[in-house]
Structure formats: structure tokens, C-alpha cells
Amino acid sequence: MEQREIMQRVVGILTEALEMRRQARENPDGEIDNSGAVGAMLEEMLPPIEIPADATPIEVAAVVGQELGPVIEQITSAFALSFAQLAEVHDEGRTDVTSADVLRSIALHFENEEHEEGE
């Protein structure tokens, strides 16, 4: 999965989290809808790992780190970038832009990037 696709998925997850928070505020005792987007993204991105039956715990850790490290780094970077952009707007004290607006802007940026790559 390319970085722009990861960013789009992360923005979707964060947008869903905003909606879940809104639901929790409006109905504190109610159930909150969760689409399972995080789990779906992880299932799609995490590679299968083959570990030899005779592997030591240290060897298992090395294989897992080697296989999952790059994917975890990509996902973490996407969340960190989104957080940084949201925090920047917050720190600027902007009241004309909502969190949803910032997330929408991020999504549009990466959607436009996808179209530019396809040309």
C-alpha cells in the first residue's frame, strides 16, 4: 500500500473517531458505532510472518521486527502527520477551521496527489 493510500485510510479512521466522539457526547450511555476500519487496515497491511518451528525467542522477535517494522513505521508516520496538522491549527487558535475541515483538507491533498501521479 502506498503512503498516500495509508494517509487516506488514516484520515478516514480519524474522521470516524470524531464521529464516535460526537456520538458519545450526545448519548453517553449509548452504544457507539465502530466500523472496524483500524482492524481492516491492519489486516490488509500486515504481512504474514513465517517463523521456523525451532526459532528462539530472540529469533522470533527479530523476524517479527523485520517484517512488521516498516509497516508500523508507515502507519505511525501517517497518524503523526495528521496529528501535527491538527495540532498546528489548534495551536494557531483558529476558530474558523474545525478538525473535520483539517482532515478533509488532508484527504483532498492526498487524493489530488493520486490524480497527479496517474497523469
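Helix H1 passes helix H3 in a right-handed crossing, a crossing being right-handed if the near helix is turned clockwise from the far one by less than a right angle. The model is predicted, so that local features need pLDDT of at least 70 and side-chain atom pairs count only at pLDDT 80 or more, while totals for chains, interfaces and linings use all residues. Residues are numbered from 1 along each chain as its sequence is written, and side-chain values use heavy atoms, with hydrogens and water left out.

H1 (residues 3–26) and H3 (residues 57–91), both helices being DSSP runs (H or I, at least four residues), pack at an angle of about 55° with their axes 9 Å apart, the axes being lines fitted to C-alpha atoms over the stretch in contact and the angles running from 0 to 180 degrees between N-to-C directions. Residues of H1 including Ile6, Val10 and Leu14 meet residues of H3 (contact: heavy atoms within 4.5 Å), among them Ile75, Ala78 and Leu81.

Six salt bridges are found in the whole structure, each defined as a side-chain nitrogen of Lys or Arg within 4 Å of a carboxyl oxygen of Asp or Glu. One of them joins glutamate 44 to arginine 9 (2.9 Å, N to O), and this pair links helix H2 (residues 37–45) with helix H1 across 35 residues. Glutamate 44 is exposed at 52% relative accessible area, whereas arginine 9 is partly exposed at 26% (buried, under 20%; exposed, over 50%; partly exposed, in between; 1.4 Å probe, protein chains only).

Note on methods:
Helix = DSSP H or I, 4+ residues; strand = E, 2+ residues; numbered from the N terminus.
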